[in-house]
Amino acid sequence: MATGTGSGKTESFLVPILDHLLREQARGELGPGVRALLLYPMNALANDQLGRLRELLRGLPAVTFGRYTGETPQTRADAEPKDLQEAIANERVSREEIQKEPPHILLTNFAMLEYLLIRPQDAGIFGHGSLEFVVLDESHTYTGAQGIDVSFLMRRVSRELSEKPLRFFLTSATLTGATGDDGRSAAAAFARCSSAT
């Protein structure tokens, strides 16, 4: 989706993901394992989204979530008091918590995701083979050499982390500055180019 800031890009992927998770819960199938991977190019964006998830998921205790970036403390005891005060019951606050009980929704960035795929201590995070959704927010930033790296990473994620075909969401407020039909065409061209890399 290519559309302006504040026009509902976050809802365009969060609503279908939450709907899917709540339907799983209603069928008694919402077991452990990461279902949705939300990738942000900067920690500031991941932090902003974390605050949004806290608001949205406060009344949905069965849906778990967590942020795993360079800022994530190793243990809950290492967390800043402010972060602990703002955290809600279904949030995984530390790396240790995410490693022990992987959340349904995991926020991270592509550099950290590469580490998660190779470090032994993080091996269990995706061990359930339950990944179904991948969101690349601000997808216009993944161009050039970085775009190639992310493209290869997404291929690896598709092969190794899921037993089902993944559903990808790419969003951008500034993809070639286009909106409407031009924005959809630009996003489609970007996705085709990325998948061909």
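Residues are numbered from 1 along each chain as its sequence is written, and side-chain values use heavy atoms, with hydrogens and water left out. The term pLDDT denotes the predictor's confidence in each residue, from 0 to 100. The chain has an average pLDDT of 84, and 81% of the residues score at least 70. Among the elements of the chain, E3 has the highest mean pLDDT (97), whereas helix H7 (residues 180-196) has the lowest (57). Where pLDDT is low, the predicted coordinates should not be read in detail.

The secondary structure consists of 7 helices and 6 strands; helices (H or I, at least four residues) and strands (E, at least two) are DSSP runs, numbered from the N terminus. Along the sequence, the elements follow the pattern α-β-α-β-α-β-α-β-α-β-α-β-α. Of the 197 residues in the chain, 46% are buried; buried means under 20% relative accessible area, exposed over 50%, and partly exposed in between (1.4 Å probe, protein chains only). Contact means heavy atoms within 4.5 Å. Among the contacts in the chain with a separation of 6 or more, 75% are between residues 24 or more positions apart.

The 6 strands form an open sheet with parallel pairing, in the order E3-E2-E4-E1-E5-E6. E3 and strand E6 (167-170) stand at the edges with a single partner strand each, so one side of each is left without a neighbour in the sheet. Two strands pair if DSSP finds at least two bridges between them. E2 and E3 run parallel and are joined by 2 bridges. Phenylalanine 65 stands opposite glutamate 91 in E3.

At the start of H5, a side-chain oxygen of asparagine 109 comes within 3.2 Å of the backbone nitrogen of alanine 111.

The structure holds 13 salt bridges, each a side-chain nitrogen of Lys or Arg within 4 Å of a carboxyl oxygen of Asp or Glu. One of them joins the side chains of arginine 52 and glutamate 11 (2.4 Å, N to O). Arginine 52 lies in helix H2 (residues 43-57) and glutamate 11 in helix H1 (residues 9-26), so this pair ties together parts that are 41 residues apart in sequence. Arginine 52 is partly exposed, at 29% relative accessible area, and glutamate 11 is partly exposed at 37%.

A salt bridge also forms between the side chains of glutamate 91 and arginine 54 (2.8 Å, N to O). This pair links distant parts of the chain, with glutamate 91 in strand E3 (residues 91-92) and arginine 54 in helix H2, 37 residues apart. Glutamate 91 is buried at 6% relative accessible area, and arginine 54 is buried at 8%. Arginine 76 and glutamate 97 meet in a salt bridge through their side chains (2.8 Å, N to O). Arginine 76 is in the loop between strand E2 (65-67) and helix H3 (81-86), and glutamate 97 is in helix H4 (residues 95-100), so the pair ties together parts that are 21 residues apart in sequence. Arginine 76 is partly exposed, with a relative accessibility of 37%. Salt bridges that share partners join Arg54, Lys82, Glu86 and Glu91 into one network.

Alanine 36, in strand E1, is buried at 0% relative accessibility. Neighbours within four places in sequence aside, alanine 36 contacts Ile17, His104, Ile105, Leu106, Leu131 and Phe133. The C-alpha atoms of alanine 36 and phenylalanine 168 are separated by 9.8 Å, although the two residues are 132 residues apart along the chain. Glutamate 132 lies in the loop between helix H5 (110-118) and strand E5 (133-136) and is buried at 4% relative accessible area. Beyond its neighbours within four places in sequence, glutamate 132 is in contact with His20, Glu24, Arg35, Lys164, Pro165, Leu166 and Arg167.

Conventions
Predicted model: local features only at pLDDT ≥ 70, side-chain atom pairs only at ≥ 80, totals over all residues. Polar contact = N/O pair within 3.5 Å; in protein donor to acceptor, adjacent residues only side chain to side chain.
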